[in-house]
Amino acid sequence: MYMMIDVNSPLPGEAITSENPWESYYTEYLNRTFAIAEAFGNYPNTLLFFSANEVINDIETAEVVPQYLRAVTRDLKGYIKNNLKRQIPVGYSAADVREVLWDTWNYMQCSESGDKNDISRADLFALNSYSWCGPEATYKSSSFDKLTEGFKDTSVPVFFSEYGCNDNERYWTETQSIYGPDMKNTFSGGVVYEYTQEKNNYGLVEFKDDEAHLLVDYNRLKTAYSKIDWKKLYAEKPTTKKGTFLTCDKKLIKTKGFNTNFTVPDVPPGAQKLIDNGINPKPKGKLVDIKDFSFDLKVMGTDGKEIKDLKVQKLDDFNYYGKNAAETGTDDDSEESKSSSTEADSTTEDDDSAGMSILPMVWAAALPLAAVLFA
């Protein structure tokens with residue numbers, strides 16, 4: 001299980017704002033940002049940090065935010081280089097707003113100095129996209145083909161940091177395109193949004209009354225994953241194709257009103273000392289030994305039956321679909337399907353009830369890069 005960490009939070013003073021970003025870019029904000037890096041940097045499963053998430057979402061924000069995105073990226077990468085034991089990539093998670101998407105991507109992947117090691121340049125670019133909606137949607141009707149075409153020459157890794165439109169019933173048919181010939185040579189997979197059911201109804205699992213209830217979308221996603229040959233996918237050699245390296249130039253920006261100034265703001269007073277020497281105190285996460293892998297949480301399948309004999313499994317590699325199995329119900333919430341599922345359960349329960357950790361199966365299979373938890 002790997003983690004992707006957004007160093008920002010929804011609380012006041014803990015994120016770069018879309019409006020007047022210069023007011024939220026100050027030393028105390030950076031101190032908190034560096035504390036997140038310190039807290040998670042020692043974990044070997046911390047995959048990457050996001051310097052921001054969806055702060056450019058229209059022309060108005062695109063006019064003032066981009067420089068500050070690069071400033072936070074620069075500061076965070078500088079802090080990691082000087083203070084952490086290993087180098088962890090830093091990138092940006094963008095909203096799929098096509099009006100500003102391509103300019104945002106170019107703005108974040110280009111090098112101001114013309115050097116590939118430009119520290120203000122994003123190491124990766126992620127996308128939160130919900131244009132694939134409903135069971136009848138296709139690669140073309142969803143405009144995912146346009147995304148693949150647009151990102152084909154990227155000079156940094158690109159992947160979906162969120163996907164899974166819930167405007168209609170979700171059958172996760174986009175998964176076949178993301179991990180298949182349509183997109184796999186451009187996109188490095190994707191992360192499903194989201195695991196826990198909240199008021200927005202994007203969840204796969206609902207927690208209530210001290211129980212975890214798997215929802216129909218959970219099993220539909222499981223079915224979608226089952227159609228992918230994961231062993232074959234992971235056996236493929238990385239592409240040797242190199243994207244187009246870009247030197248920052250106002251000609252890269254095509255949309256009127258989008259910021260064309262690539263000069264990164266100066267570090268706030270006092271912040272450079274933190275970048276050079278580290279913050280104090282430094283919150284440090286640490287690994288602990290687990291001796292008991294059982295748990296008391298009651299887990300209910302979509303058929304209403306309790307899933308028995310579950311336990312956490314310690315894995316030494318990626319937990320792709322098929323490595324663990326358990327009967328979790330049906331991917332169709334119709335009464336007919338529930339009935340047939342119940343009949344099938346009576347003959348398979350003894351074989352399939354043990355040894356599955358439900359969390360890794362859903363999230364760990366979401367991103368070939370190795371991603372699971374989006375904080």
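This is a predicted model: local features need pLDDT of at least 70, side-chain atom pairs count only at pLDDT 80 or more; totals for chains, interfaces and linings use all residues.
## Around Ser 120

Let's start in the loop between helix H5 (98-109) and strand S4 (124-129), which is where Ser 120 sits. Ser 120 has a relative accessibility of 2%, so it counts as buried.

If you skip the neighbours within four places in sequence, Ser 120 is in contact with Arg 70, Thr 73, Arg 74 and Val 264.

## Salt bridges across the chain

Side chains of opposite charge can pair when their charged atoms come close. In this model the salt bridge count is 15.

One of them pairs Glu 14 with Arg 32, at 3.3 Å from N to O. Glu 14 is in the loop between strand S1 (3-6) and helix H1 (21-24) and Arg 32 is in helix H2 (residues 27-41), so this pair ties together parts 18 residues apart in sequence. Arg 32 is partly exposed, at 23% relative accessibility.

Glu 38 belongs to helix H2 and Lys 282 to the loop between helix H10 (271-277) and strand S9 (298-300), so the pair ties together parts 244 residues apart in sequence. Glu 38 is buried at 0% relative accessible area, while Lys 282 is partly exposed at 35%.

Glu 211 and Lys 298 make a salt bridge too (3.8 Å, N to O). That one links strand S8 (residues 211-214) to strand S9, with the two residues 87 apart.

Technical notes
Residues are numbered from 1 along each chain as its sequence is written. Side-chain values use heavy atoms; hydrogens and water are left out. Helices (H or I, at least four residues) and strands (E, at least two) are DSSP runs, numbered from the N terminus. Buried means under 20% relative accessible area, exposed over 50%, partly exposed in between (1.4 Å probe, protein chains only). Contact means heavy atoms within 4.5 Å. A salt bridge is a side-chain nitrogen of Lys or Arg within 4 Å of a carboxyl oxygen of Asp or Glu.
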